[in-house]
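Colleague: I have just opened this one and could use a guide. Could you walk me through how to read it?

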There are 2 protein chains.
Amino acid sequence: MPNSKDQVYGDHISERFNNELLELKTRFLEMGGMVEAQVGSAVQALTANDSVLAEQVRVGDRGVDQMEIGIDEEAILIIARRQPAARDLRLVIAVIKMVVDLERVGDEAKKIAKQALKLEEEGQTSLGYVEIRHIGSHVHAMLHDSLDAFARLDAEQALRVMKEDKRVDEEYQAAARTLLTYMMEDTRNISRCMSIMWVLRALERVGDHACNIAENVIFMVKGEDVRHTSMEETERVVGR
Amino acid sequence: MPNSKDQVYGDHISERFNNELLELKTRFLEMGGMVEAQVGSAVQALTANDSVLAEQVRVGDRGVDQMEIGIDEEAILIIARRQPAARDLRLVIAVIKMVVDLERVGDEAKKIAKQALKLEEEGQTSLGYVEIRHIGSHVHAMLHDSLDAFARLDAEQALRVMKEDKRVDEEYQAAARTLLTYMMEDTRNISRCMSIMWVLRALERVGDHACNIAENVIFMVKGEDVRHTSMEETERVVGR
């Protein structure tokens, strides 16, 4: 998907190198789309008690894993053959790191699908589904926006994703307190609530991975590592 | 820490390059030692109700984060300046990936320390401490052994670490069942048991990260990606 920003990568002696970098980006975004769909389907499977869809997510994770290995191999080959420098090297290194995040998001989707199957077996009550839908759609959007920031090399969008993380954490804390109340009210809720807790935790982790991707986008575009820095400092880096 | 295996890296035109790779390995192992200590201290702080130690772990995580950034910069510089190939490139790429794992282990230690502070405030009962000590010492050993496998480039030791993961998962499942029973017996246990559950989950994650490091060691030594492959296939790769 060439656009104006990709022109920056266009200034190479080797046309083939340029194509390899574009191919790497495209495959990464394909994997991103796949993982995004996995998260959406996992939440859908759980809240609709749809065990067929949950099973699809569980099996689909293998495809995500295979993509991780393929992209990784391609990235390492590019480094070995083309010896990229500066911005190109940052792109390749960022992809190597971000595929790990995508693969982990895939794992979280699989975990959610497993809980969906467990909950479906235990019978129908929608306790905790409101919370899962709410946080689920929030982190799904964060993941989508972080991939979009990568596609467009948009550091400001990446920053917006990072700012959402605090809100997700607050939503998660509130949901956890609600579930604790359900558990105390009736011990028969405990097992079910524990499953919901694991799902919420998995979703919160999806948000964390979206932030990691966003940090890598800022690193690619600005050349600065904004991990473990304050939001103010990150804003300063992005604003430059 | 030069040893016979490091001689493999000795066959370089540039002595400086060789030193840079050794320096990278040494710094990575330093970070590993730091993170190992953080995990040990976090478990100790929790099970001994030692809030001073817990606070030290919490603050100490910043040092881990700083090391991550420093090692990453060094690794990227080596790629840009030295254009390593084959085994050297695999070493540098593996370090870039493994520092992420070490940093996450540091985060898990910090989470455990936070739960230690929370539990200490809530008062003294040792419910769940046996399980935490047990799984804690198991994953601590796995982390240590994975770093040792890296230091000695020992694929067989890496394989042994990976085999331990299944046992940790079993221990974790058993502990989770025990805690569920405590919660159902007396609702006053719920809040405390939830804290213990988070700690157990954090420890289980430490074991996962140790496995990731082990996978990278096999990749470095054997040149093959053993992620998402069966244990039989991994054994075959290591045995070659």
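Predicted model: local features only at pLDDT ≥ 70, side-chain atom pairs only at ≥ 80, totals over all residues.

Colleague: Let me begin with the annotation. Which residues of chain A does UniProt list for "domain: PhoU"?

Modeller: The UniProt record, an unreviewed entry, gives residues 29–115 and 132–217 of chain A. Over residues 29–115 of chain A, the chain is 93% helix and 0% strand, with the end C-alpha atoms 27 Å apart. Residues 132–217 of chain A are likewise 93% helix and 0% strand, and there the end C-alpha atoms are 28 Å apart.

Colleague: With that much helix, I need to know how to describe packing. What describes two packed helices?

Modeller: The angle between their axes and the distance between those axes. Take helix H3 (residues 86–122) and helix H6 (residues 190–222), both of chain B: their axes come within 9 Å and cross at roughly 170°. Angles over 145 degrees count as roughly antiparallel, so H3(B) and H6(B) are roughly antiparallel to each other. The residues of the contact of H3(B) with H6(B) divide into 17 nonpolar, six polar and eleven charged.

Colleague: At what angle do H5(B) and H6(B) cross?

Modeller: The axes of helix H5 (residues 155–185) of chain B and H6(B) cross at roughly 170° and come within 9 Å. That makes H5(B) roughly antiparallel to H6(B). In the contact of H5(B) with H6(B), the residues are 25 nonpolar, one polar and seven charged.

Colleague: Now the two chains. How is the size of an interface often given?

Modeller: As the accessible area lost when the parts come together. Between chain A and chain B, about 3400 Å² is buried, and carbon and sulfur atoms give 66% of that area. The contact takes 34 residues from chain A and 34 residues from chain B. Arg104(A), Trp198(A) and His228(A) supply 18% of the area that chain A buries against chain B, more than any other three residues.

Colleague: Can we zoom in on single residues? Is Ile76(B) buried or exposed, and what does Ile76(B) touch?

Modeller: A residue counts as buried when its relative accessible area is under 20%. Ile76(B), found in helix H2 (residues 51–82) of chain B, has 17% and is therefore buried. Leaving out residues up to four places away in sequence, Ile76(B) touches Leu89(A), Ile93(A) and Phe219(A) of chain A, together with Ile96(B).

Colleague: What about Ile71(A): which residues does it touch?

Modeller: Setting aside residues up to four places away in sequence, Ile71(A) touches Leu24(A), Arg27(A), Phe28(A), Met31(A), Val95(A) and Val99(A). Ile71(A) lies in helix H2 (residues 51–82) of chain A and is buried, with a relative accessible area of 1%. Met31(A) is 40 residues away along the chain, and its C-alpha atom is 9.0 Å from that of Ile71(A).

Colleague: How far apart in space are Arg27(B) and Ile71(B)?

Modeller: They are 6.9 Å apart, C-alpha to C-alpha, although 44 residues apart in sequence. Arg27(B) lies in helix H1 (residues 15–47) of chain B and is partly exposed, with a relative accessible area of 23%. Beyond residues up to four places away in sequence, Arg27(B) touches Met67(B), Gly70(B), Ile71(B) and Glu74(B).

Terms used:
Residues numbered from 1 in each chain as written. Chains lettered and ligands numbered in written order. Heavy atoms only, no water. Helix = DSSP H or I, 4+ residues; strand = E, 2+ residues; numbered from the N terminus. Buried < 20%, exposed > 50% of the residue type's maximum accessible area, 1.4 Å probe, protein only. Contact = heavy atoms within 4.5 Å. UniProt positions renumbered as here; feature names shortened; annotations may be inferred. Axes fitted to C-alpha atoms, helices over the stretch in contact; angles between N-to-C directions. Parallel < 35°, antiparallel > 145°, perpendicular 65-115°, else oblique. Nonpolar A, V, L, I, M, F, W, Y, C, P; charged D, E, K, R; others polar. Buried area = accessible area lost by both parts, 1.4 Å probe.
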